[in-house]
Amino acid sequence: MDNVHQWCKHWRLNISPEKCAMADLSRRRMTSHPDIYYAGVPLPWKTEIKYLGFIFSKTNQNNINIKYLRTKVRRKINALKSIAYKTHGPRTKDLISIVNNSICSLFFYNCSTNNKWSATHLKICDVIQTTALRTAMGLPIWTPDIILLKLAAQGTLSGKIKRLATQFFLKHIAYGVHSPLYRNDGTQSVKLTNKDSSALGQLLSDFNIDRIIKLPNTWDCPNIKCKIHLQSFLFQDKSLPKTTIETLFEDTIRTNFSNFFLIATDAFKSPQITSIAGTSISNSFAYRLQHINSFFSAEALALC
């Protein structure tokens with residue numbers, strides 16, 4: 001802790017010891033808790049710590065988190081009732097948006113951890129979602145869940161949690177050394193259990209993925225210089241006519257980049273398809289990516 005304090009002091013970072021605490025998250029049993037200080041202030045020991053809305057605990061962590069989220073969601077549903085049951089209230093479409101952005105989003109933030117919950121805990125998440133949707137749409141409690149979700153054009157909350165977790169891990173695998181999952185030398189900093197390894201293999205098989213394209217390690221190429229022009233040239237004005245933009249573009253290439261090897265890349269994302277393309281004087285390519293990739297990931301992959 002003294003080293004942490006000296007490091008923060010060197011980089012002029014202020015940490016409030018009054019807001020810090022210590023917790024034992026190891027499976028081993030500690031017979032005693034030593035006194036630990038930060039900047040001369042003793043840090044208290046706690047059985048659980050909340051960090052960015054997620055509670056870390058040595059025992060029964062999943063139950064603690066689901067109870068915390070259920071309590072938080074109950075307050076939001078009660079607030080939703082106060083505006084949903086009025087004669088001249090907001091439209092149903094807006095209330096469903098509130099449910100997605102205010103209630104369901106609480107479970108999306110920690111989806112990479114929530115997807116490891118048991119089937120019972122994930123079922124609780126689905127019950128919370130259907131309760132909120134019934135409140136927003138004004139439907140009776142005996143409305144079947146499948147009809148409720150169809151009317152709201154929604155999928156199950158547990159299914160979306162799993163899809164977001166899949167997207168999170170596949171992105172980090174593709175990031176390679178740029179991800180915390182890997183060390184600088186390219187080796188993995190985490191080790192998958194046999195169960196998770198088989199689940200990942202089944203997942204790649206379900207998505208029909210036989211190869212994961214990783215971003216290159218730019219640390220191996222320190223001499224590469226990249227310069228981005230956003231408004232440097234005259235043709236970068238969308239208000240100009242198309243023919244004028246084409247003429248200015250050709251003049252810019254001829255004047256400023258006559259000795260360069262030009263490569264043009266682009267990425268495209270629609271509700272069904274994500275793809276990338278690139279072309280040059282000597283070669284061109286076009287690939288369709290898995291749709292879970294974002295537009296920005298596709299742009300970065302096309303550039304690399």
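Predicted model: local features only at pLDDT ≥ 70, side-chain atom pairs only at ≥ 80, totals over all residues.
Let me start with Ser 275, which sits in strand S8, spanning residues 274–280, where strands are DSSP runs of E with at least two residues, helices are runs of H or I with at least four, and both are numbered from the N terminus. Ser 275 counts as buried because its relative accessibility is 18%, and buried here means under 20% relative accessible area, with exposed meaning over 50% and partly exposed in between, for a 1.4 Å probe and protein chains only. Leaving aside residues up to four places away in sequence, Ser 275 touches Ala 267, Phe 268, Tyr 287, Arg 288 and Leu 289, a contact being heavy atoms within 4.5 Å.

Residues are numbered from 1 along each chain as its sequence is written, and side-chain values use heavy atoms, with hydrogens and water left out.

Turning to the whole protein, there are 10 helices and 9 strands, and 26% of the 304 residues count as buried. Of the contacts between residues at least 6 apart in sequence, 52% join residues at least 24 apart.

Now to the aromatic rings: the structure holds 5 aromatic pairs, where rings of Phe, Tyr and Trp (its six-membered ring) pair if their centres lie within 6.5 Å, with planes under 30 degrees apart counting as stacked, over 60 as edge-to-face and the rest as tilted. Phe 235 and Phe 249 have ring centres 5.1 Å apart and planes at 85°, so this pair is edge-to-face. Phe 235 lies in the loop between helix H8 (194–206) and helix H9 (242–256), whereas Phe 249, 14 residues away, belongs to helix H9 itself. Is Phe 235 buried or exposed? Phe 235 counts as buried, at 19% relative accessibility, while Phe 249 is partly exposed at 39%.

Finally, on the surface, Leu 25, Tyr 51, Leu 52, Phe 56 and Tyr 109 make up a nonpolar patch with about 560 Å² of accessible area together, the areas coming from the Shrake-Rupley method with a 1.4 Å probe and, for residues, only the protein chains shown counting as cover. Patches are made of residues with over 30% relative accessible area and no salt bridge, with like charges joined within 9 Å and nonpolar side chains (Val, Leu, Ile, Met, Phe, Trp, Tyr) within 5 Å; a salt bridge is a side-chain nitrogen of Lys or Arg within 4 Å of a carboxyl oxygen of Asp or Glu. Tyr 109, in the loop between helix H3 (92–108) and helix H4 (111–114), is exposed, with a relative accessible area of 54%.
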